[in-house]
Amino acid sequence: MLTTFIHTGDFHLGRPFTFKQQGNYYGKNKRKELWAAFEFTIQFANEMKIPLLLITGDLFDSVNVLSMDVKRVAEAFGTLTETQVVIITGNHDYHGDNSPYNKAVWPKNVYIFKKDTFRSVYIEGLNTEIFGMSWVKNEYREFPERSFNAIKLQDTRYNILMVHGEVGGQGSYLPLDLKLLESKGFNAIVLGHIHKPGMAPGNVAYCGSPVPLNFGETGDHGFLVSRIKTDYENYQFHTTNGLNPIASRGYQKRDIPITPEHSYNDIIEKVLNCDTKENRRQDFYRICLTGFIDPEIQLDWINEDLEDEFYYVETDTSQLELEIDIEQLLAENQNNELGQFLKALENIVDPEVRKKAMIYSIEAMVGEGVLR
Amino acid sequence: MKIKTLTMNAFGKFKNKTIALEPGLNIIQGNNEAGKTTAQAFIQGMYFGFYKPYRKKKTYGLEYEKYLPWEQLNYSGALIYEVNGREIRLERNFLRGKDSLIIYDNTTGEDITEGFQYDGVIRQHLPLAELDMTPGIYNSTVNIRQLPVEIEPGPQEEIRECYLKMQRSDGNDMNLKGIARRLEEKKKNIGRSGQSKSKVGLAIRKRDDLLIALKEGEEAYAKVALNQETIVRYQKRMEKIETENDFFVQETAVNHKRELLQTYEKITELEKENTQLAENIKGWEKLQCFTYDKLEGLKAIENQIERLTDQMNYIEKEMNDLEFHLKSIRQKEESKRLCLNGKNWESICEDYETFIENKASPDEANKKSTRSLGVLLAGLILVGIGLAGTMMNGSCQVSESLGNVFLTLGIAMTLVGVIGAGLLAVTISKSRKEQKIRANNGVSESILEKYETDTQEDFINYFKKASRSQKELEQMKNEGELLSVQQSRRQAGFEVLFEQRRGILKDFKTQLAKFGVPSVEVYAKGCKKSQQTEEMKLHFNTNLRLLEGLYETVNAGKIAGGNSLWDKAPPQAEELLKLGKEIARLEGENNTLMEGVSLPVETTEALKTLNSQIDACDLEIRACDAALEILEKIQKESHQDSAPELNQHIGAILGELTQHYQGVKIDETMKVKVVDPLVGNFRDAEQLSAGTMDQVHFAFRYGISDVLNRDMPFILDEPFARYDHQRKTQALKLLGELSQREQVILFTCGDGEGQILDALGVAYHSIQL
């Protein structure tokens, strides 16, 4: 009888990451972190003798993932002594012609759903029937309702549904109707695709990505552990879920308000005060400078000046405005070259180019003493 | 406009310092560090404050800190000027947070601040707003600050700046060329794709390399992926084959393992055995001299001793037997002699002969007949009983009458026999009583008495008995003598054997002592052990040879029989082998493919970073280009709009100053050129001496001030430092002319200006700092 199971997915093993500096260095470290999270999950399952491990898609980041990565996963699953593994594929690692799942011989304890219609696998020793569908192409605009409706559950079994898709979504990532999924009476509905872990009543859960993958993924990440209490007389199952966090480098976003009074060193100091030194050396930081800056201050090298104080830092100055009253300038210089110049700058079509051109021009004007 | 009084309550180094100025030319003289530049900055500060222009928030300029008094408690001053016949007093507090400007009508004392234009950012009113005088225009036109001594391009830049400002009818302080130059510098710092050492050039070159590396990596890893899929297919095929041959394969595998295990066990066993054997061999090495030949010899000696002992025992037994016999014979002799009742045989013989002579012998015929009759009667009884018995039990198949006859006959015969026997016994008894009565007569009776016999017959029987005893006694005597002889012989033989055995035994014991054993049995055990040692050595060597073979077996994957462990190939082994080889080949190929190429994922990441950097640079370049394009367009228009008459005016001033250069021209690239009258060509301003550059600069400033005709004092700080006397004179002459129209304030450290002015006859007001 099933007593506990792990719900995880969205590992995105082999993922190339995007960093503004030293992308391959930080990317490599991040991939190591993904592997560490995966191996931690395997170790946890082994040590805690978890009988069932469910992977709800996107185990690999791409169908072009390295063969050695696929073999490494297969070998890791092979080390599980008392755990059955059930996998569905997702939009990243869909089981198409070039499926990563064809690049390894999978151990006997691993079952992979390979169809995009609902099928089931019954694990007799656990009295558990797992229903699932895999992605075999990279987009699904409709849920395979017909195949879903054909599902018939046996009440005496613990029934689990595995799907990789978007609840309430309307795009090409397999839109899911939660009410429809719940209507069948599954004992647990385990979902993948959304990277933020989330649990809803009715034992519906998104496991989230085991570690955050970008600046959009803040908060705790890990894998879900579900525990089942069985009422043998009435064949009723009571499931409770909990997030087992996995230690990893977090992504931190900080908005630093800047005023014209701030000197360059003030700005550096303000940025450094955004967190403790220990945290700065641990996590990925995106520093967003906001407000108004003295146009005489140039931030071209601010990232380089901050690098030593952070494990990783990238600065975003796109929301920073120069402390110059352009309107006043224009108003006061309507009939002169300055006015012509500023007006022409404002007429640049590309907004990014326009903003930069304006900043550089004002910097130059300041340099020339125009606005001093 | 004429400035009348400067009152520095607390400003820079000055504290409660008042300077009174006059209309016309004012020469403020002071040595270095006297505060000339500070006083000049004070005028600027009083009019405009020290704020950065066009800010959305009030921002203090660099001068604020520069002239902040040390005590920092008071930072203020007042300036009185006259404009349009009205005397106005400006009272300004410069101190941050308390900064303010109050404008008074100095005649009435009325606060007229509200009558002036208000600036919402600095939250102050602007006293010169009506004149469209901003700090930029002020500093670029009427206020000539001290030029840095060392700079060469400085004047050139300032000339350009002035020229540009001069072009503008409203005197705006835009320096297009300077801005363009800075944008070009910015662009240069970013670099171009062709510049390998520039930021963007380096990034682009690296990106190109990475793109090649990515292509190679992707191709290699795509091939690796294909190979891997093939490998997986082969592995699955192998698995299928193995499943098909499951039993056999499993059995074979188990057997292989078992055989290997057995080999290992055998090795262990042999090694263990050899260890034990080696120990035993070592322990039994000293028994090597124990030989079976020697044992046989010892055994022969021992057997000889045993034989001798046996013989001796036998002889001894015989001697004992003889002794016993002899003793027995002696006892029998005694017994026989007792039968003679103490009488010797000779006397008995004599008595018998005497008795026989005196007495006839009894009737033998009667005796014989009586005996025969007895036998007859006995036979008759037996026949009668037999006949009667046979008839009675009917065993004879005869007629009843004949049976009755025979029965009667049998009974009759039996009765006759019994009666006859009774009569015979009475007859015999009667005869014997008669014989006794006859013997009692004479010698015979004395002999009978001597020998205590009753009758003749008794005596005869006695004699016969004595005779037999005598014969036996003689026989016993003979026998005893024979036994004695035999015993003597045995004794002699025994002694010989004893001596012989003693000698052999001594030699035997000596030999045993030589081997340190107490007996042949122990020696035999030694021999056995010696033989075992040899056997053990043999066994040991055999084991060694076996071990060598087994080691080879284990190392070379062979089983004990010498056949290869893997010889027992399962069905479809060839295909399995082929698939295995193919997998190995593909894995090898994959390793080769992956060597020397970078991981596409890492290359992609590096590319992403580079692309991001290149995109950022590209954006920056495009922004610079866009701004430069606009600037260029404005510059061209500006150049086209330039007033040639202004150039002529400035050229005339320059000619007057230098007495040499006549014309000034700003070309399309905004380079300032002056006309060299000697050759008639334009010369770049950069080619002029520093002093001449200063004069060109002065000419520009003077010309602009002249042309702009704004009612503002013309303020100069040390403008003639690098002028020669002649040119300084010309400049002062010009200033003298200008001071007729405008107030001129000249800051200088020397006193030469006064002398020149005196010589020129120009009126001036001298102030000593």
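## The A–B interface

In this predicted model, 50 residues of chain A are in contact with 49 residues of chain B. Two residues are in contact if their C-beta atoms, placed from the backbone, lie within 7 Å. On chain A, the side that touches chain B draws at least two residues from each of helix 1 (23-47), helix 8 (326-332), helix 9 (337-346) and helix 10 (351-367). Helix 10 of chain A gives the largest share, 9 residues. By class, this side of chain A has 22 nonpolar, 17 polar and 11 charged residues. Ala, Val, Leu, Ile, Met, Phe, Trp, Tyr, Cys and Pro count as nonpolar; Asp, Glu, Lys and Arg count as charged; the others, Gly among them, count as polar.

Residues are numbered from 1 along each chain as its sequence is written, while chains are lettered from A and ligands numbered from 1 in the order in which they are written. Local features need pLDDT of at least 70, and side-chain atom pairs count only at pLDDT 80 or more, while totals for chains, interfaces and linings use all residues.

## Chain A overall

Chain A has 10 helices and 18 strands. Both are DSSP runs, numbered from the N terminus: helices are H or I with at least four residues, strands are E with at least two. Of the 372 residues of chain A, 46% count as buried. A residue is buried if 20 or more other C-beta atoms lie within 10 Å of its own, exposed if 12 or fewer, and partly exposed in between. Take the contacts in chain A between residues at least 6 apart in sequence: 70% of them join residues at least 24 apart.

## A six-stranded sheet

In chain A, 6 strands form an open sheet in the order 5-6-7-10-12-11, with mixed pairing. Two strands pair if DSSP finds at least two bridges between them. Strand 5 (119-123) and strand 11 (198-200) of chain A are the edge strands. Each has a single partner strand, so one side of each is left without a neighbour in the sheet. From one strand to the next, the twist averages 20°.

Strand 5 and strand 6 of chain A run antiparallel and are joined by 5 bridges. A:Val121 has A:Ile130 as its bridge partner in strand 6. The two strands form a hairpin with 4 residues between them. In the turn, A:Asn127 has a positive phi of about 50°.

Strand 7 (residues 158-164) of chain A is mostly covered, with 7 of its 7 residues buried. A:Tyr158, A:Ile160, A:Met162 and A:His164 point one way. A:Asn159, A:Leu161 and A:Val163 point the other way.

Strand 6 (residues 128-132) of chain A runs parallel to strand 7, with 5 bridges joining them. Here A:Glu129 has A:Asn159 as its bridge partner. Strand 10 (residues 188-192) of chain A also runs parallel to strand 7, again with 5 bridges. In strand 10, the partner of A:Leu161 is A:Ile189, and the partner of A:Met162 is A:Val190.

## Two helix pairs in chain B

The axes of helix 9 (residues 345-358) and helix 13 (residues 456-515) of chain B come within 11 Å and cross at roughly 150°. Axes are lines fitted to C-alpha atoms, for helices over the stretch in contact, and angles run from 0 to 180 degrees between N-to-C directions. That makes helix 9 of chain B roughly antiparallel to helix 13 of chain B. Angles under 35 degrees count as roughly parallel, over 145 as roughly antiparallel, 65 to 115 as roughly perpendicular and the rest as oblique. The crossing is left-handed, meaning that the near helix is turned anticlockwise from the far one by less than a right angle; clockwise would be right-handed. B:Trp345, B:Ile348, B:Tyr352 and B:Phe355 of helix 9 meet B:Phe459, B:Phe463, B:Ala466 and B:Gln470 of helix 13. This contact has 7 nonpolar, 1 polar and no charged residues.

Helix 19 (residues 725-738) and helix 20 (residues 752-760) of chain B pack at about 65°, with axes 10 Å apart. That makes the two helices roughly perpendicular. Their crossing is right-handed. Helix 19 of chain B contributes B:Lys728, B:Thr729, B:Leu732, B:Lys733 and B:Gly736. Helix 20 of chain B contributes B:Glu753, B:Ile756, B:Leu757 and B:Leu760. The residues of this contact divide into 4 nonpolar, 2 polar and 3 charged.

## An exposed glycine

B:Gly422 lies in helix 11 (residues 400-439) of chain B. B:Gly422 is exposed, with 10 other C-beta atoms within 10 Å. B:Gly422 and B:Gly374 are 48 residues apart in sequence and 10.0 Å apart in space, C-alpha to C-alpha.
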